[in-house]
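Please read them with the structure open beside you.

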Amino acid sequence: MNIETIRRQYAEEIRECAGLRSGPLVDAFATVPRERFLGPGPWRIAAPDPVRWGEVSYELTEDTNPAHVYRNVSVALNADQNINNGHPETMALWLDALAVREGETVYHMGCGTGYYTAILATLVGPTGHVVALEVDPLLVAEATKALQPYGNVTVFAGDGASFDPGAFDVALINAGITSPPARWLHRLRDGGRMILPITASMPDAGSGRNLSKGVVFIVEKRGHVYPVRIVTFTVIYSCTGLRSPALDRRIAQTMMHGRLGTVQSLRRDRHAAAESCWLHGDDFCFSFEPALAETVQ
């Protein structure tokens with residue numbers, strides 16, 4: 001079986017597992033060469049450790065046949081640090097929710113070695129642009145090299161807390177944060193969408209890993225209001241520069257809230273904390289109330 005057929009079968013598996021609605025997204029999974037972003041094989045395939053809860057174990061592929069990586073599995077980028085190329089089904093759910101269109105500008109924070117950046121670049125096409133950011137210098141070097149064929153991608157090295165991506169239509173934030181920075185909300189164009197993992201730290205994660213767990217929201221911008229809905233729950237590496245200890249503790253408490261699934265809006269107006277607030281901060285609030293015109297900044 002040739003590699004094109006294998007990639008198409010992989011894409012159809014992801015379509016079925018994730019319930020994808022976007023045909024262009026399925027086509028992107030079928031055409032972007034995943035092995036290009038994983039380093040030379042054999043590769044280490046990640047799976048939950050059957051004995052140690054929260055830990056990951058790896059199985060080495062028997063050879064360097066790229067067919068091994070066209071499965072709905074995470075693949076190690078650095079097994080010693082448990083850094084992996086993200087799980088395809090999970091990332092596909094996030095990308096499908098974003099509904100990326102041709103010609104749009106995308107900000108991808110936490111791009112790793114660039115596999116999902118390449119999928120974004122394929123979705124926006126030659127008239128669009130992807131701004132990719134990664135804090136790990138080794139991953140930056142790998143992403144820069146692997147993304148060379150994609151002329152509509154610019155890779156930057158830096159921390160998400162201080163980097164200014166410029167105006168964008170879509171943001172894929174691939175790291176755990178405790179609140180949305182005002183800069184991102186200002187830079188998000190009207191009609192834009194943003195994936196935000198709002199997470200609480202996991203001090204018991206083991207192996208010195210900076211992991212956090214929480215909920216992935218998709219936030220839309222409609223004029224001065226921001227409708228919100230939950231996409232998935234997640235365990236993810238944290239962006240250390242975008243974490244508030246006070247909010248971290250509050251998120252851990254609010255994750256137990258029975259109404260979490262009914263969060264409807266991100267409010268920017270100043271108001272007192274109330275029962276309608278799921279997570280209330282100084283300049284933001286994830287609210288159970290719908291996004292209405294009166295909750296303007």
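**Notes on the predicted model**

1. In this predicted model, ring pairs join Tyr 10, Phe 29, Phe 37, Tyr 70, Tyr 115 and Tyr 116 into a cluster. The count of aromatic pairs comes to 14.

2. Are the two partners buried or exposed? Phe 29 has a relative accessibility of 0% and therefore counts as buried, and Tyr 115 is buried as well, with a relative accessible area of 0%.

3. Turning to the fold, the protein contains seven helices and 14 strands. Its radius of gyration is 19 Å, close to the 19 Å that the globule rule gives for 297 residues, so the protein is as compact as a globular protein of that length. The C-alpha trace spans about 60 × 45 × 35 Å along its principal axes.

4. Of the contacts with a separation of 6 or more, 61% are between residues 24 or more positions apart, and buried residues make up 52% of the 297 residues.

5. As for the surface, the accessible area of the protein comes to about 13,500 Å², and carbon and sulfur atoms account for 52% of that area. The protein carries 27 positive and 32 negative side chains, and the centres of these two sets lie 4 Å apart.

How values were computed. Residues numbered from 1 in each chain as written. Predicted model: local features only at pLDDT ≥ 70, side-chain atom pairs only at ≥ 80, totals over all residues. Heavy atoms only, no water. Helix = DSSP H or I, 4+ residues; strand = E, 2+ residues; numbered from the N terminus. Rg over C-alpha atoms; globule rule 2.2 N^0.38 Å. Buried < 20%, exposed > 50% of the residue type's maximum accessible area, 1.4 Å probe, protein only. Contact = heavy atoms within 4.5 Å. Areas by Shrake-Rupley, 256 points an atom, 1.4 Å probe, with all protein chains shown as cover. Lys, Arg positive; Asp, Glu negative; His and termini not counted. Charge placed at Lys NZ, Arg CZ, Asp CG, Glu CD. Phe/Tyr/Trp six-rings, centres within 6.5 Å; stacked < 30°, edge-to-face > 60°.
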